[in-house]
Amino acid sequence: MSNIESHTIAYVRGTMIPEQDPPITETGAIKWLRENLFSGWFNTLLTILSLLIIWWSVAAIGPWLWNMVWNAGSLRECREILAGAEGACFAVINDRWHQLLFGFYPPALYWRPVLALILLFVALAPVLFPDLPRKLLWFSAVYPFVAYHLLWGGSVWLPIVALLGFVAGYVAWRLIHRMSPLASVFAAVIVPVLWWVILAAPLNSFLYSGLPWGLDFVRSDRFGGFLISLVIGITGISISLPLGILLALGRQSDMVFVKSVCVVFIEFIRGVPLITLLFTASLLLNYFLPPGTSFDLILRVIIMVTLFAAAYMAEVIRGGLAALPRGQYEAADALGLDYWKAQRLIIMPQALKISIPGIVNTFIGLFKDTTLVVFIGLLDPIGLSNAIRASTDWQGVYWELFIFIGLLFFVFCFGISRYSMYLERRLKTDHK
Amino acid sequence: MSTSSDPRTKPAPPKRSFELSMLLYDQRYRSITIQVFFLFLLMLFAAWLVDNTVNNLRALGRDFSFAFLNAPAGYDISQRPIEYNSQMTHGRAALVGLLNTLILAVMACVLATVLGVIAGVLRLSNNWIVGRLMTVYVEVFRNIPTLLWILIFGAIMTEAMPAPSAFRGDTPAASMLFNDSIAITNRGVYVPSILFERDLGSFQLGPVAPSISWVLVILIVAASIWANKKIIDHATRVQNATGIRPKTWWKSILVLLGPLALYFIALGAHLEYPELRGFNFAGGTHLRNSLIAMWLGLGIYTGAFVAENVRSGILAISRGQTEAAFALGLQPGKTMRLVVLPQALRVIIPPLISQYLNITKNTSLGLAVGYMDLRSTLGGITINQTGRELEGMLLMMLIYLAISLIISGAMNVYNSRVTLKER
């Protein structure tokens with residue numbers, strides 16, 4: 001049959017046409033260019049504009065970066081090496097990087113902050129990556145005390161005695177919990193406070209006089225540079241999260257008084273700039289405390305920054321709590337869980353998961369806000385960049401310092417935000 | 001027996017006389033116990049603080065009074081939106097600072113919104129290179145502190161811009177932009193200003209003296225916008241009744257621009273251009289470096305955050321909405337304007353307003369580049385000169401708090417108006 005047709009109907013092909021390549025405009029780079037860069041007049045315009053912007057920035061910064069000088073003792077030497085050409089003088093970083101990173105921390109003791117930072121990653125690892133053995137969490141719990149001793153030094157007994165305060169609280173809670181759960185909670189709060197206020201200082205000096213162990217003491221005013229940003233930022237981050245959770249729960253509470261205190265606190269802190277709180281810490285705290293007390297400026301700043309971040313954190317977590325369906329609360333009630341168990345096992349894991357992006361943004365914001373301490377005289381990287389510029393060698397160096405400081409912050413903040421994306425992906429349980 | 005068998009009535013709680021232990025173990029009273037305990041602790045703490053403060057003040061021989069606000073300030077402020085000189089009071093200086101804060105905040109909010117909307121929309125564009133460029137902008141600005149950006153822009157203005165002397169001579173090293181109207185120098189930016197030949201003078205309104213001519217401009221613009229809204233409403237009514245929408249664009253242009261143009265002609269408005277006289281520019285409006293640095297620093301930095309809000313707002317609208325609009329036969333432009341944007345705005349506006357709040361609070365960084373805002377006048381020089389830290393900081397915090405509460409109050413009103421009414 002087909003034979004007959006192929007003889008009678010002239011326009012039926014007997015053979016397949018060999019497959020041809022697609023048109024040149026529909027393949028490879030050209031297709032990609034057409035689709036992604038030149039798909040219409042408006043897109044073409046945007047592409048050209050972007051290329052112009054890129055070209056303009058490269059032309060402005062490129063030669064300057066290309067001619068960079070890393071080895072010189074002062075800006076004058078730099079200019080002599082460049083001999084009139086435009087060029088970046090990164091020699092200032094080479095000369096002063098240790099100041100920008102550590103401030104006036106004694107150079108012989110640089111290993112201590114570095115070790116503290118390395119141990120920080122060890123302590124963070126089990127918190128951040130749940131595949132690691134859970135035993136490591138014990139190290140995370142002890143880490144703050146280890147880090148304190150590494151950074152400040154002094155009596156080794158001080159952090160140990162402080163740690164014992166928590167142990168005392170736990171023991172009190174265990175002992176009283178059988179008799180009265182509510183009283184045990186009060187005891188768990190009051191016993192450590194009493195321990196720290198009354199017992200800690202004499203015990204520390206007694207032990208230190210007997211066994212004077214410990215690293216060399218480094219005064220707070222020697223701290224500076226990126227070290228101070230990290231100390232304030234990381235302490236603030238780790239304390240503001242639990243504090244924020246408590247504030248958010250307080251704001252949602254049925255107890256009118258607790259609720260109104262939390263609302264007033266959160267709204268006040270969120271309503272004023274951080275810088276006014278820092279000035280309060282540096283100028284006004286002397287008015288509010290008993291005459292003659294003075295305590296460390298860094299500690300005051302940490303407290304203020306933590307309170308500030310906690311108020312923002314509370315609002316973020318409140319958003320997460322509000323986004324939870326009512327049924328989750330009701331289900332927890334139906335299972336007969338009490339308030340704290342319901343929060344710990346059902347509400348918080350979900351609410352925190354929803355609020356991860358907001359929490360991380362607050363962290364990043366807090367870390368960036370540590371630069372404001374320059375206004376109350378602490379030497380953070382920005383404060384040190386002013387100090388370096390005030391020296392005769394490096395008068396007039398702006399961009400190199402700004403680029404270095406900016407890069408330090410960028411690496412940290414960008415790293416945190418990438419981690420939060422990883423976390424969001426890992427915790428995602430819905431089927432999208 | 002009869003009560004428990006009937007499921008509709010609850011069994012009455014067992015009657016027990018009140019016992020002291022119920023304060024701890026009965027859920028009904030426990031919360032009261034906790035609150036009383038909490039209240040007690042808090043009042044103890046507050047009393048301790050107040051007692052300390054009173055003792056400290058007495059030890060220093062100080063009282064608590066705001067009388068210093070009426071004392072002469074004795075310092076100059078470079079940027080003066082209202083009349084001010086160093087003989088005037090600290091209160092007046094604080095007012096100038098507050099106005100500077102508000103001017104900067106409004107300028108930075110506008111810049112951040114414009115940049116943020118452009119960057120947020122372009123980041124979603126199909127154009128590969130534009131998308132990448134906007135991602136770079138957002139990530140670079142978001143991850144580096146504002147303070148550093150302000151300092152960078154400050155340094156750009158003072159270090160990288162030509163001195164006024166570079167504009168002099170037959171072949172000057174620098175030239176003014178836009179047909180000799182804008183001069184960017186290392187002493188600030190000079191732009192043309194609008195002057196009225198037949199100025200209407202000014203009137204006294206409390207501590208400030210606004211110009212009548214400019215107040216009228218604002219009133220005319222407001223009236224024009226209101227009239228334009230009426231025209232559009234009328235067109236919508238006609239369209240609803242007849243199905244045909246009358247052409248309104250020429251009426252809108254006439255109503256929006258006509259009255260203002262007539263007013264300007266009547267008052268003889270003209271531009272005054274900055275000119276190089278002696279060592280500096282004169283005439284026009286002088287925008288100081290501190291203002292420019294703060295404006296660019298805050299505006300571009302916050303713009304990156306606004307861009308993220310805009311992007312997430314647009315992404316939050318499900319694709320089904322766009323597809324439904326296409327199925328109805330709406331064109332892409334109308335789909336965006338009538339379907340996507342109204343819904344996206346509901347998601348975008350609340351975080352946008354909290355960004356405005358952030359800008360307002362971040363204006364307090366003005367100290368870094370010497371911008372004389374509220375924090376630099378009342379919270380800076382005034383406190384240093386009078387030694388009234390407690391009163392000054394308290395007043396300053398209250399003012400910032402009031403601004404913040406007003407902005408967030410506006411946000412709450414908006415939110416309650418646009419919330420989805422679910423039934």
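Guide: Chain A has 18 helices and zero strands. Helices here are DSSP runs of H or I with at least four residues, strands are runs of E with at least two, and both are numbered from the N terminus. The model is a predicted one, in which local features need pLDDT of at least 70, side-chain atom pairs count only at pLDDT 80 or more, and totals for chains, interfaces and linings use all residues. Residues are numbered from 1 along each chain as its sequence is written, while chains are lettered from A and ligands numbered from 1 in the order in which they are written.

Start with overall form. The C-alpha trace of chain A spans about 115 × 75 × 40 Å along its principal axes. The radius of gyration of chain A is 31 Å, but a compact globule of 432 residues would have one near 22 Å. This radius is taken over C-alpha atoms, and the globule rule is 2.2 Å times the number of residues to the power 0.38. Of the 432 residues of chain A, 29% count as buried. Buried means that 20 or more other C-beta atoms lie within 10 Å of the residue's own; exposed means 12 or fewer, partly exposed is in between, and the C-beta atoms are placed from the backbone.

Now contacts. Two residues are in contact if their C-beta atoms, placed from the backbone, lie within 7 Å. Take the contacts in chain A between residues at least 6 apart in sequence: 66% of them join residues at least 24 apart.

Confidence comes next. Each residue has a pLDDT, the predictor's confidence in it, from 0 to 100. Chain A averages 84, and 97% of its residues score at least 70. Among the elements of chain A, helix α10 (residues 225–252) has the highest mean pLDDT, 90. Helix α1 (residues 2–8) of chain A has the lowest, 56. Where pLDDT is low, the predicted coordinates should not be read in detail. The model as a whole scores ipTM 0.85 and pTM 0.85.

Chain A is also divided into domains, whose bounds come from an automatic or database domain assignment. Domain 1 covers 21–67, domain 2 covers 96–105 + 221–427, and domain 3 covers 155–215. The C-alpha centres of domain 1 and domain 3 of chain A lie 65 Å apart. An unreviewed UniProt entry places the feature "domain: ABC transmembrane type-1" at residues 226–420 of chain A. UniProt positions are given in the numbering used here, feature names are shortened, and annotations may be inferred rather than shown by experiment. That span is 80% helix and 0% strand, and its end C-alpha atoms lie 23 Å apart.

Zoom in on one residue. Leu324(A) lies in the loop between α13 (297–323) and α14 (326–334) of chain A. Leu324(A) counts as partly exposed because it has 15 C-beta neighbours inside 10 Å. Leave aside its neighbours within four places in sequence, and Leu324(A) is in contact with Ile347(A), Gln350(A) and Ala351(A). Phe410(A) is 86 residues away along the chain, and its C-alpha atom is separated from that of Leu324(A) by 33 Å.

Next, the meeting of the two chains. Chain A brings 44 residues to the contact and chain B brings 45. On the side of chain A that touches chain B, α3 (41–66), α11 (256–271), α12 (274–288) and α18 (399–427) each supply at least two residues. The most comes from α12(A), with nine residues. That side of chain A has 30 nonpolar, 12 polar and two charged residues. Ala, Val, Leu, Ile, Met, Phe, Trp, Tyr, Cys and Pro count as nonpolar, Asp, Glu, Lys and Arg as charged, and the others, Gly among them, as polar.

Finally, a look at the partner. Chain B has 14 helices and seven strands. Its radius of gyration is 30 Å, well over the 22 Å that the globule rule gives for 423 residues, so chain B is more spread out than a compact globule. The C-alpha trace of chain B spans about 110 × 80 × 45 Å along its principal axes. Buried residues make up 28% of chain B. The pLDDT of chain B averages 83, with 92% of the residues at 70 or above.
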